[in-house]
Amino acid sequence: MSAPHRVVIAVFPDVDLLDVTGPAEVFAVANREMSGGTPYEVLLAGPDGGQVRTSAGVRLATDLTFDQVGDQVGTLVVPGAVDRVGAPVIDPDLVDWIAGTARHARRVASVCVGAHLLAAAGLLAGRTATTHWATADRLAADHPDVAVDPDPIYVRSGNVWTGAGISACMDLALALVAEDHGERLALKVARQLVMYLKRQGGQSQFSVPLWQAPAERRDIDELRAWITANPSEDLSAAALADRMCLSERHFTRVFRRETGATPAAYVEATRVEAARRLLEGTDEPLDRVAAACGLGSVETLHRAFRRRLGTTPAAYRRRFRTAA
């Protein structure tokens with residue numbers, strides 16, 4: 001039997017528990033399901049020997065210290081941690097260890113806000129990466145040399161992988177199994193874990209939509225509130241410009257400067273958000289949902305959902321419906 005593929009998962013105080021145990025479980029099931037091939041050896045590495053208290057209060061026992069990891073690393077998995085206000089925790093000593101260990105690893109994968117640690121270690125410079133949707137803007141602002149895409153469940157850029165929020169750690173681990181052993185084994189693992197091998201759609205389905213900082217111009221904020229309250233009205237750039245008593249060209253320029261989006265893009269996002277609420281909380285048929293949110297037709301509703309959320313209205317309703 002060949003030497004096992006060593007997977008080293010970094011653990012540290014207040015690390016997210018599922019970020020650690022999710023990938024570990026995927027690799028363990030892969031070992032049970034594979035016939036032949038290189039098995040995985042999963043090891044937890046911490047700053048010191050002994051136990052590490054996770055964000056859930058559960059304590060994990062480390063297998064070795066950071067100093068003991070050495071250069072025999074097949075896959076380095078870097079989970080994340082957030083503080084009380086939801087900001088990623090960045091420990092300089094941990095960042096230095098990640099940067100040093102990554103040089104010897106065949107590949108590196110971050111889970112959730114662990115991407116912030118990889119970026120701080122210089123491993124994401126010039127790469128495309130993802131992270132939890134709630135911290136994606138911060139990652140982009142802190143590291144302008146990283147092309148942050150907040151929607152994918154995971155992103156591969158060379159030998160560096162980044163995963164999206166929380167439970168996406170298992171999707172990422174499945175993708176790593178598929179790379180190592182093929183999709184047939186990954187599918188077996190997914191079935192055992194009662195998971196999709198590949199999820200439909202990305203993080204956008206789960207994010208809080210249309211969060212916007214206040215505009216500098218009060219009239220733009222008032223217009224945005226009116227758009228949200230009246231998605232079925234005529235919300236063309238011309239109609240909105242008339243409402244603002246501005247020329248269409250000047251209005252478009254002002255709106256984009258204040259909101260970071262064109263009027264058309266903002267209106268579509270608002271209408272998709274309105275459709276999401278109707279799909280989650282009512283049994284209205286799709287043609288009525290499309291009419292109520294201003295998208296007009298079921299075909300237009302489908303196109304907008306595909307473009308914005310990477311899924312269909314029907315699939316979204318099945319996943320998120322809350323009405324009795």
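Arg308 forms a salt bridge with Glu268, with 2.9 Å between the closest N and O atoms; a salt bridge here is a side-chain nitrogen of Lys or Arg within 4 Å of a carboxyl oxygen of Asp or Glu. Arg308 lies in helix 12 and Glu268 in helix 10, so the pair ties together parts that are 40 residues apart in sequence. Helices (H or I, at least four residues) and strands (E, at least two) are DSSP runs, numbered from the N terminus.

The model is predicted: local features need pLDDT of at least 70 and side-chain atom pairs count only at pLDDT 80 or more, while totals for chains, interfaces and linings use all residues. Residues are numbered from 1 along each chain as its sequence is written, and side-chain values use heavy atoms, leaving out hydrogens and water.

The whole structure has 15 salt bridges, among them these:

| Pair | N to O distance |
|---|---|
| Glu41 and Arg6 | 3.5 Å |
| Glu273 and Arg277 | 3.4 Å |

Glu273 and Arg277 are four residues apart in helix 10, so about one helical turn separates them.

Helix 12 covers residues 298–309. Within helix 12, Leu301, Ala304, Phe305 and Leu309 are buried (buried means under 20% relative accessible area, exposed over 50%, partly exposed in between, with a 1.4 Å probe and protein chains only). Seen down the axis of helix 12, the buried residues fall within an arc of 100 degrees, so they line one face; the arc is that of the directions from the helix axis to the C-beta atoms. The face turned away from the buried side of helix 12 carries the exposed residues Glu299 and Arg307. Just after helix 12, Gly310 takes a positive phi of about 70 degrees.

Technical notes: The expected span of a helix is 1.5 Å times one less than its number of residues.
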